[in-house]
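Reader: Could you walk me through this structure while I have it open? I'd like to begin with how the chains meet and then move to individual residues.

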Number of protein chains: 2
Amino acid sequence: MEVSFTVSYSMAGPEAEARQMAESICVEQTIEFPADLVWTESIRRDIIAVITRFEGRSDGRFEATIRFNAAIAGTELTQLLNVLFGNASILPGVRVETFSLPEALLAHYPGPNYGRQGIRGLFKAARRPLLATALKPMGLSCQELAQLAGKFARGGIDIIKDDHGLADQGFSPFAQRVERCARAIGDANVETGGMSRYFPNVTGPADKVLERARFARDAGAGGVLFAPGLGGFDTMRLLAAEVPELPIMAHPAFLGSFVVSPHHGMSHAALFGHLHRLAGADIVVFPNAGGRFSFGREDCQSLARATGDPLGHIAPILPAPAGGMTVARVPEMVAFYGPDVVLLIGGDLHRQSPDLVASCAAFRAAATSL
Amino acid sequence: MEVSFTVSYSMAGPEAEARQMAESICVEQTIEFPADLVWTESIRRDIIAVITRFEGRSDGRFEATIRFNAAIAGTELTQLLNVLFGNASILPGVRVETFSLPEALLAHYPGPNYGRQGIRGLFKAARRPLLATALKPMGLSCQELAQLAGKFARGGIDIIKDDHGLADQGFSPFAQRVERCARAIGDANVETGGMSRYFPNVTGPADKVLERARFARDAGAGGVLFAPGLGGFDTMRLLAAEVPELPIMAHPAFLGSFVVSPHHGMSHAALFGHLHRLAGADIVVFPNAGGRFSFGREDCQSLARATGDPLGHIAPILPAPAGGMTVARVPEMVAFYGPDVVLLIGGDLHRQSPDLVASCAAFRAAATSL
């Protein structure tokens with residue numbers, strides 16, 4: 001193998017079974033064929049993956065680092081995902097812990113158009129945490145959503161995103177919603193001198209994602225929300241390539257099964273950190289520990305670290321812990337994540353005060369006074 | 001709610017927690033907003049989902065049937081997936097067991113272009129099990145793959161598919177592979193009077209899937225292989241809509257995490273049966289019980305049933321049990337699945353005999369003599 005990359009998988013014990021599983025992965029993720037029947041020596045030598053490290057872990061599981069020939073991943077994200085965890089996802093007890101790609105392979109993936117520094121530049125916010133909220137509840141009309149959007153902007157929220165459940169339903173059709181909300185936020189910015197941006201949800205049919213993003217761009221949106229679990233990781237990559245004017249906030253809908261168990265799937269860092277960066281997200285939303293969901297503190301910590309650690313030419317991105325967060329938790333969240341974070345608070349802004357602008361201002365004060 | 005649909009979720013006990021989880025799902029999958037803060041009575045009444053059944057199961061889990069307003073799912077598959085299991089995928093211990101859509105909602109999804117009867121018609125095979133195999137191992141040249149394809153066709157295999165790891169890598173670039181393999185199978189058909197069909201893998205970049213499928217069609221392919229876990233369920237739907245000349249065989253790569261646990265994710269029937277039918281697959285490949293993977297007999301049975309049970313206007317499709325299957329297991333597989341099955345055998349055909357044509361003929365004899 002001239003150029004190779006490595007993936008570390010953990011697997012259930014006992015040791016002999018774990019080692020056998022690691023050996024299976026070497027074959028399953030490459031030739032998917034009985035190794036003893038391969039009649040071409042070069043395939044046996046160059047295509048079948050190789051275990052380069054195998055050891056027990058303190059949690060009783062085993063971890064194998066496996067080296068793959070970069071040629072089998074080709075130049076496409078779908079095939080890279082397939083090598084990482086295609087058939088291995090169906091093997092019992094296997095989890096992708098980390099993967100490490102050489103620059104020759106990373107070169108096929110531009111990554112985020114903005115990343116941490118780019119996003120900060122958009123808001124002229126060099127150091128402070130960024131603030132985000134969501135337009136909801138679903139069922140409101142476009143006019144009502146636009147009214148909310150205007151209040152959020154006047155309250156100083158940086159990123160005002162659609163709830164990820166707002167698609168193109170009858171109660172708030174995409175085009176009308178985007179036009180009205182973008183206009184409301186634009187008007188508020190003029191009024192206050194602010195720089196709030198609207199991120200409409202462009203998750204949708206495979207043949208409409210780019211069209212919606214371009215429509216949003218032309219209507220004055222300042223970014224997009226996209227759920228790669230629903231719409232595809234490669235569609236997110238394409239979105240970044242084709243509509244680079246709009247930064248991408250990724251939403252975790254439909255991805256929970258990959259991380260729900262420490263005994264299977266992918267690690268939070270690999271999925272929400274490295275994979276999202278490869279696929280062009282600038283900001284990654286995930287459920288913070290202590291909210292309504294299943295992520296623990298260590299999961300969130302490793303995830304956040306993976307949004308910023310070295311990944312070749314691929315820029316760091318911003319973690320956006322969410323899911324039932326409150327203004328009261330802002331100091332704790334900033335202490336935990338540091339300032340390189342997008343604080344996403346939804347319902348609690350409505351709970352804080354009947355005056356939504358005042359709630360947002362209090363949120364902003366809490367986040368920027370730290 | 002004028003038109004509604006239902007989803008049955010199972011959840012972990014104890015009962016009080018399970019009930020609370022069911023109530024959470026009603027909110028999480030719809031307004032995703034504190035219900036007590038909703039200021040619009042019609043949203044509370046029409047948008048928040050409702051538990052219509054809740055009961056304990058013999059396995060200690062609980063099952064809730066939840067009724068959703070069809071309006072929130074709109075007309076798009078991505079949003080339907082989001083309502084089914086978007087944020088719920090991140091809730092601990094929640095599994096989609098079944099879903100039931102009214103014709104008003106099903107009407108947005110044409111489903112498979114061929115289905116069981118259509119596929120049988122292509123092969124003039126009214127009753128017998130269909131035979132499939134895969135071109136592998138990865139690393140062979142296009143010429144070598146085409147030689148294999150020709151032998152499989154001369155041996156009487158109905159569906160000769162690419163290994164799902166064959167994308168557009170240097171060792172067998174897509175266009176050249178498709179042209180050569182299609183030609184080799186076409187030549188063999190002329191020679192034998194057979195009707196073998198080549199299903200190349202068109203899983204790839206979001207902006208190239210349709211292009212590859214059209215290229216394959218024009219080069220004489222007889223179907224396509226597509227992995228919706230890698231490329232997106234809605235991309236598969238689009239493929240069926242835009243290139244209806246080619247039936248679709250779906251591959252389960254990257255989908256294992258949804259079904260690996262009975263305590264989370266989606267049921268085999270919901271994911272590989274109903275969802276694949278909605279999204280336009282004609283044949284669904286899955287790992288058979290007793291092979292290299294984690295599916296049990298009951299999982300496979302419920303999956304196979306869901307490929308054929310009533311689903312409005314949406315046609316039944318064919319299950320294709322795979323993953324280390326052997327010619328020796330053919331009688332048992334046909335007894336288990338019945339004749340409406342695509343028997344997919346890869347490596348074992350190479351093991352049977354050095355004469356691959358003879359191995360295929362033996363496979364065909366085993367499957368059609370039953």
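Reader: How many residues of chain A are in contact with chain B, and what area is buried between them?
Author: In this predicted model, 72 residues of chain A are in contact with 72 residues of chain B, where contact means heavy atoms within 4.5 Å. The area buried between the two chains is about 6,400 Å², of which carbon and sulfur atoms give 64%; buried area here is the accessible area (1.4 Å probe) that two parts lose on being put together, summed over both. This is a predicted model, in which local features need pLDDT of at least 70 and side-chain atom pairs count only at pLDDT 80 or more, while totals for chains, interfaces and linings use all residues. Residues are numbered from 1 along each chain as its sequence is written, chains are lettered from A and ligands numbered from 1 in the order in which they are written, and side-chain values use heavy atoms, with hydrogens and water left out.

Reader: And how many salt bridges and polar contacts between chain A and chain B?
Author: Between chain A and chain B there are eight salt bridges, a salt bridge being a side-chain nitrogen of Lys or Arg within 4 Å of a carboxyl oxygen of Asp or Glu. Arg237(A) and Asp207(B) meet in a salt bridge through their side chains, at 3.5 Å from N to O.

Reader: Which element of chain A gives the most to the side that touches chain B?
Author: Helix 4 of chain A does, with five residues. Helices (H or I, at least four residues) and strands (E, at least two) are DSSP runs, numbered from the N terminus. The residues on that side of chain A divide into 34 nonpolar, 25 polar and 13 charged, with Ala, Val, Leu, Ile, Met, Phe, Trp, Tyr, Cys and Pro counted as nonpolar, Asp, Glu, Lys and Arg as charged, and the others, Gly among them, as polar.

Reader: Switching to chain A itself, where does Asp309(A) lie, and where is Arg277(A)?
Author: Asp309(A) lies in the loop between helix 14 (297-306) and strand 12 (318-322) of chain A, whereas Arg277(A) is in helix 13 (residues 268-278), so the pair ties together parts that are 32 residues apart in sequence. Their side chains meet in a salt bridge at 3.2 Å, N to O.

Reader: Is Arg277(A) buried or exposed?
Author: Arg277(A) counts as buried, at 0% relative accessibility, while Asp309(A) is partly exposed at 24%. Buried means under 20% relative accessible area, exposed over 50%, and partly exposed in between (1.4 Å probe, protein chains only).

Reader: What about Arg277(B), what does its side chain reach?
Author: The side chain of Arg277(B) reaches the backbone oxygen of Ala315(B) at 3.1 Å. Arg277(B) is placed in helix 13 (residues 268-278) of chain B and is buried, at 0% relative accessibility. Leaving aside neighbours within four places in sequence, the residues in contact with Arg277(B) include Gly111(B), Pro112(B), Asp309(B) and Ile317(B).

Reader: Which residue does Arg128(B) form a salt bridge with?
Author: Arg128(B) forms a salt bridge with Asp158(B), the closest N and O atoms being 2.9 Å apart. The pair links distant parts of the chain, 30 residues apart, with Arg128(B) in the loop between helix 6 (115-122) and strand 5 (130-135) of chain B and Asp158(B) in the loop between helix 7 (142-154) and strand 6 (159-162). Arg128(B) is buried at 17% relative accessibility, and Asp158(B) is buried at 3%.

Reader: Back to chain A: which residues of helix 1 are buried?
Author: Ala18(A), Met21(A), Ala22(A), Ile25(A), Cys26(A) and Glu28(A) are buried in helix 1. The buried residues of that helix pack against strand 1 (4-11), strand 2 (50-56), strand 3 (62-69) and strand 4 (94-100) of chain A.

Terms used:
Polar contact = N/O pair within 3.5 Å; in protein donor to acceptor, adjacent residues only side chain to side chain.
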